[in-house]
Amino acid sequence: MKKIINFTPTGTQTTRENSLAPLHPNEIIEEVHEAYDLGITMVHIHARDPKNFSNTYKSEIYGQIIDGIRKNCSDLTICVSLTGRLYPEFEKRSEVLELMPDMGSLTMSSLNFPQGSSVNEPEMILKLIEKMNDFGVVPEIECFDSGMLNYTKYLMGKKILTGPNYINVIFSNIFNAQLDISTVSSIVNNLPENSKVCFGGIGKHQLNANILGLIYADGLRVGLEDNLYLKDKQKAKNIDLLKRTHSIIENMGMDIMSPIEFKNLGFGNKKINSYR
């Protein structure tokens, strides 16, 4: 049974002080190369300004990261963040799509976090889908609860989301779905057909969510974007989290879906076929 590893090396909240996450574009590139050599299926990236490590939407910096990854990982599906946590303007959030990455993140509603919010109004979601279609980008759908999953299924029914469909279900944000048995059961029973689904978890819940993703879904989302520790407040490196993931997959008698197998399912940019 082939399982997806969606690698998330760094996020909007990682800093030099709170984590061992890569921040400089070259660090991100190097850690993706290391992860690729170990074995991952796809990567989800955020960009940072190399001068001060602040979050950035600028395509020139995203382009540096994408080109650096593709140099040695030509078949790896690259997903860019279109996060609603930082920039309200559509032009800024969507600028990176013009680089024609393979996928772009698409959070299916607004939500709160302990340190801020992610604003994703219906009009913004639809405009992002339209621009992704224009540039051949496949949505990386992100759902934090059953309401977002319901809206996803609604847009699928309306043929606005036309597939292939990939969904991250992210558990344990205090404002959204938790990992209790009834919530997970409800999510699993309402997953749309003909979609690839991975489970992620925030903080200490990442490991449990990942294991459930291996059992009840198509794989997992793992990396320092969502969880900074290996155990007991011991700061983790991305490679530590990935090696633990590999061990679990091996001990469960499963295999990892390769990048080319994933792309051959349609999860590459629809307008470029350089991986063929």
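On a 1 Å grid over the protein atoms alone, a cavity is a set of points where a 1.4 Å probe fits but cannot get out, and a lining residue has an atom within 4 Å of a point. This is a predicted model, where local features need pLDDT of at least 70 and side-chain atom pairs count only at pLDDT 80 or more, while totals for chains, interfaces and linings use all residues. Residues are numbered from 1 along each chain as its sequence is written, and side-chain values use heavy atoms, with hydrogens and water left out.

How big is the volume of the second largest cavity? It is about 60 Å³, where a volume is the space filled by probe spheres set on the grid points, which are joined across faces, edges and corners. Helix 7 (206-216), strand 12 (219-222) and helix 8 (238-251) each give two or more residues to the lining of this cavity. Here helices (H or I, at least four residues) and strands (E, at least two) are DSSP runs, numbered from the N terminus. Helix 7 supplies the largest share of the lining, five residues. By class, the lining of the second largest cavity has six nonpolar, three polar and one charged residues. In this scheme Ala, Val, Leu, Ile, Met, Phe, Trp, Tyr, Cys and Pro count as nonpolar, Asp, Glu, Lys and Arg as charged, and the others, Gly among them, as polar.

Stay with helix 7 for a moment. Its buried residues are Gln 206, Ala 209, Asn 210, Leu 212, Gly 213 and Leu 214; buried means under 20% relative accessible area, exposed over 50%, and partly exposed in between (1.4 Å probe, protein chains only). An α-helix has 3.6 residues a turn, so residues three or four places apart point the same way. The buried residues of helix 7 pack against strand 1 (2-7), strand 10 (165-171), helix 6 (181-189), strand 11 (195-201), strand 12 and helix 8.

A search of the whole structure finds four cavities of 30 Å³ or more. The largest cavity holds about 100 Å³ of space. It is lined by 14 residues, of which Thr 56, Tyr 62, Ser 81, Thr 83 and Tyr 87 are the closest to its centre. Strand 4 (55-56) and helix 3 (90-94) are the elements that give two or more residues to this lining.

Ser 81 deserves a visit of its own. You can find Ser 81 in the loop between strand 5 (77-80) and helix 3. Why does Ser 81 count as buried? Ser 81 counts as buried because its relative accessibility is 7%. The side chains of Ser 81 and His 46 are joined by a polar contact of 3.4 Å, meaning a pair of N or O atoms within 3.5 Å; within protein, one must be able to donate a hydrogen and the other to accept it, and residues adjacent in sequence count only if both atoms are side-chain atoms. A polar atom of the Ser 81 side chain also lies 3.2 Å from the backbone nitrogen of Thr 83.

Leaving aside neighbours within four places in sequence, Ser 81 is in contact (heavy atoms within 4.5 Å) with residues including Ile 45 and Tyr 62. Ile 45, Ile 69 and Met 108 have the most contacts inside the largest nonpolar core, which has 66 residues. Such a core is a set of buried Ala, Val, Leu, Ile, Met, Phe, Trp, Tyr and Cys residues joined through side-chain atoms within 4.5 Å.

Met 108 is in turn in contact with Met 148, a residue of helix 5 (residues 146-157). Met 148 counts as buried because its relative accessibility is 2%.

Our last stop is Asn 176, in the loop between strand 10 and helix 6. The side chain of Asn 176 makes a polar contact of 2.9 Å with that of Asp 145 and a polar contact of 2.6 Å with that of Asn 173. With 14% relative accessibility, Asn 176 counts as buried.

How values were computed: 1 Å grid on protein atoms, 1.4 Å probe; cavity = no way out; pocket = protein on both sides within 12 Å on 5 of 7 lines; lining within 4 Å.
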